[in-house]
Amino acid sequence: MTAELEQILSQLTQPDNAAIQQATAQLKQAFKDPAIIPALCTVMSGSQNPQIRQSAAVMLRLRVKKHWKKIGPSDRESLKAVVLQAFMQETEHTVQHSLSQLCAVMVKHETPDRWPALLQLLNQATKSGNPHDRQVGLLLLNKVIESNPEPFKPHYCQLLQLLRTVLQDHSHPTALYYGILTLTAITAFTGTEEMHLMRSIIPGLIVALKCLIKADENQASEAMEVFNELMESEVSIIVPHVADIVRFFLEVGSDATLSDSLRVKALSCVAFIIKLKSKTVMKQKLLNPILQAVFPVLTAAPPPGEQDPDDEEDESGDGTDNENPKQCAAQIIDAMALHMPPEKLFQQLMPFTHTCLASENPYHRKGGLVCLAVLAEGCADHIRTKMLKSVLQTVCQSLSHSSEVVRSAGLFALGQFSEHLQPEVSRFCSELMPLLLGYISSLNQAKIGHVTRAFYALENFMENLGADIEPYLPTLMDTMLSALNNTDNLKLKELAVSAIGAIANAAKELLVPYFSPVIESLKGFLTTTTEEMRSLQTQSLGTLSVLARTVGKDVFSPLAAECVQLGLNLTDTNDDPDLRRCTYSLYSAVSTVSPECLTPHLTAITTVMLFALKSSEGITAHLEEDKTFVLLDDDEGDEEGDQENDTEDFLEDDKETDVHDVAGFSVENAYIDEKEDACEALGEIAFNTGVAFQPFLESSFQQVYEMRDFPHEDVRRAAFGAMGQFCQAQHKVWKENPTDSNHQALLKLLDVVVTCFVEMVQTDRERHVVMDVLEAMNNVIKSCKEEVFKNPSHLTEISRTIHNVLKKKTVCQDSGGEEADDDEQQAEYDAMLQEFAGEGIPLLAASVPAQNFFPFLNDLLPLIMNKAKSSCTVAERSFSVGTIAEILQALISVSGGREAAGRLSNRLLPVLVAGAKDRDTEVRNNSVFGLGCLAQAAGPIVVSDYPMILSVFSNLLAKESDLRVIDNLCAALCRMIMGNVNAVPLEQVVPTLVAHLPLKEDQEENNTVFSCLAMLYTHSPALVHSPVTSDSRFVSSTESQHVSAELLKTFAQNHSAEFHAAVTSLPADRRAVLSAAVTPS
């Protein structure tokens, strides 16, 4: 059989399809023969043709991988001996590579200790005095350990000593390469006993990589993965060497003679180190060296006649997606902004930025603008409060620069500012909107990439304007509708459709006059069947979803059923993840205006979404070698060896790719986005459709719950949000139909979800994920209140979780296991994470009896109060006093709240009084609100403090100019009166209070004010009726308030003359509304 098999394998290598087909058919027959394994061994060992020897080794590996159990013990032993013999005598590297992979498969079945000959060979070869033997030994070592690292754990210390020696021999780069790959494979499995050895290897590893870069950049790029593995699995190993590692990466990243892929790998590692160990980077004084290395990369001009990748035009206008060194340099600054304290960062960063912005070189100017742009997300508070006007001026000036490179960077920066620096940036609307509209109208439509950036800036700015967009609506909509109707450029149409969505988000019902022409245009795009219009169709679905949420139920509801049918038709006829995910968003949007339209189709809708969550479509395994021979693998037959079944599908792809075959995985973004959108839509649809979703709730929850460990953070974030919405949905169903089974289902769901939430806050490494989990948990507590705490352990678990975040003791907070310093400056996003946790405290206070929560509150309050110090940032001070105020507000209405507020008053009063005198309006506003809530919550217990609080309010009212603060002062006075009416000098306070009514900014406090006035009218009618009924401004402001309407009816009956005089002085339309409000129904 051996000669016949060699002939068949020889035919398979011929460039002749007919010969290959014939050989394939013969192989099918050969594979039915039990002698196939010995024959493959003979060919693998004895053929004179290395290509045939390699083919035999690969097919043997595939056979062994699936049929090891069918090989008898004696045959296994002889096979092990044959393979090692073949390996030792082989001289061709490609065959050695395939033989080492065959050994790796066998080790997975046998384990190293049951194959002593392999360990002996590895020991001899890797320590051989012959460099070639040593290199081949390291190849074999690498493959067998990569395939199954854990069984080798007893040998790790010995192995690490070997690798340290290997890394010192710089004259054989391939040996270095295999040595580093082996180190990468075991890193995730090392324990404390190997830690010292691992650390000692790092200096030699850096030198070895420098040698490997000179010899083979591709191998070096792959070998540099060792640092990613170290950072991912055991970052403490590299901490003592961070300075050397960072300098090495900067040296590689800055070297323009090296390949882009190698430089990208190095610069990406710098960004990763900053993300994981920003405090270490700061303490080691590495910030300035990093900036000195990064800015030349960021500002480098491309070679003559070329453009930067992001400035290159392509047909889509989206530029190129491939990472490049310049992009990575910007990502490093982005990582700094997200993970370092702004004050410390800007002190060292801004001199570099200013130098760039002052340069005449367009690429230097571009680098400065890109730097400002990427700072906007992580350092938003710092830029908003310290430098917004100046940076906006710089960016706006760049839009009139002679170089398109500079103008494009300016548009990118303006888009980033518009997204991240709200609401302050929108206050420059009157300057920025005319500038952007003028810029859009003057664009050369042929340069679609530049047009795309202009639309990006315009969209982000418009989206947050709210009603301020009204003066610009006619121009905006004329521009967009004209682009839809009068251009042939599909990308421009797509941009206009997207812009209409942004306009709708701001304009809401103001867009109604334009609704019909917009819908007419969208219909044509939505029903297209041509592939070139797919992107436009997808964008049209996205904008349709926005319109459903914004133009109002009455306007959109008539289209709701048609929209659902459109979505179903599209998913039936197109296999496109982008299109599918847009239909999910459309269903979700329709559920907000017309949930009944979804009910008949929930089976079809949930089926598609759950399939998307289960699917591994779009996940690609990158195989180490040409997988031609995988086609010759056979499926696993039954143990009796049904030979026909065993071979009938042997030309099919290997169904289960072994990990050792895989060099890595990649996932297409569209499938990630689809999973994310499916989670979000399921959660929202479940909540909005209520009882109709009940048959689908369990299966949906189970599948979304599976996504909690998904590798991509956006999918995890969406999954946690959906889990929270499922709880809220079940709570709503129980409230509407309070059966015991609905209640038990809710409690069961809450048990699973709360446990999952607290675990993820503690263990997830991504800060954004933890923020979203905290937000989802807060929403569940807000909706389900005391039901969350029917399980008593939840109060303890959630309180401990909040405490850990405030103490920076979770995995995603870079404390390195050390006790974090509360006074230490921190990155804005680290502070924001703590704010998300802090927001849960008032919700807990509002959900359980005060006496149950008080011990936890006692532990948490110092951590909140600590952020009210004058040395803290404005955001921290505002958060601190705002959280205290909301806790006190919660205590007003819970059992035992008055006693709890009274016990806390001596600690909280000084903090709130100091806050009321703060230089920042937001801090003053929150503090005044808190003082009012303290007075109302504690009532008579704080009566001795009333004179001091009133004095603070009196002094503040005399000089306060901010209308919102004045409104809150009025409300706080009302809370004091309601807390203890006898402790307030009403003759002095009430006239002052009424003189500042009606409220100008904070309409939410109207209920507080009118509840107080109604109480006062009962208590001292003369104090209230005269100033109120005689002031037409006051009367006219009250028609929307239920409490005030009742009060006004009483005024109208008891003091008709004064009331009539006040009403008569109003405009006719206000008069009619008010008359309707006070007329008995």
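**Exercise 1.** Which residues are linked with K80 in a network of salt bridges?

*Solution.* Before starting, note that this is a predicted model, where local features need pLDDT of at least 70, side-chain atom pairs count only at pLDDT 80 or more, and totals for chains, interfaces and linings use all residues. Residues are numbered from 1 along each chain as its sequence is written, and side-chain values use heavy atoms, leaving out hydrogens and water.

Step 1: A salt bridge here is a side-chain nitrogen of Lys or Arg within 4 Å of a carboxyl oxygen of Asp or Glu. That rule gives a count of 35 salt bridges.

Step 2: pick out the network. K80 is linked with E77, E110 and R114.

Step 3: zoom in on one pair. E110 and K80 bring their closest N and O atoms to 2.7 Å apart. E110 sits in helix α6 (residues 93-110) and K80 in helix α5 (residues 73-89), so this bridge ties together parts that are 30 residues apart in sequence. Helices are DSSP runs of H or I, at least four residues, numbered from the N terminus.

**Exercise 2.** Are E110 and K80 buried or exposed?

*Solution.* Step 1: set the cut-offs. Buried means under 20% relative accessible area, exposed over 50%, and partly exposed in between (1.4 Å probe, protein chains only).

Step 1: read off the values. E110 has 4% relative accessibility, so it counts as buried. K80 has 2%, so K80 counts as buried too.

**Exercise 3.** Where does α29 bend, and by about how much?

*Solution.* Step 1: size up the helix. α29 (residues 553-573) has 21 residues and reaches 29 Å from first C-alpha to last, close to the 30 Å expected at 1.5 Å a residue; the expected span is 1.5 Å times one less than the number of residues.

Step 1: find the bend. α29 bends by about 45° at L559, taken as the angle between axes fitted to the seven residues ending there and the seven starting there.

How values were computed
Helices (H or I, at least four residues) and strands (E, at least two) are DSSP runs, numbered from the N terminus.
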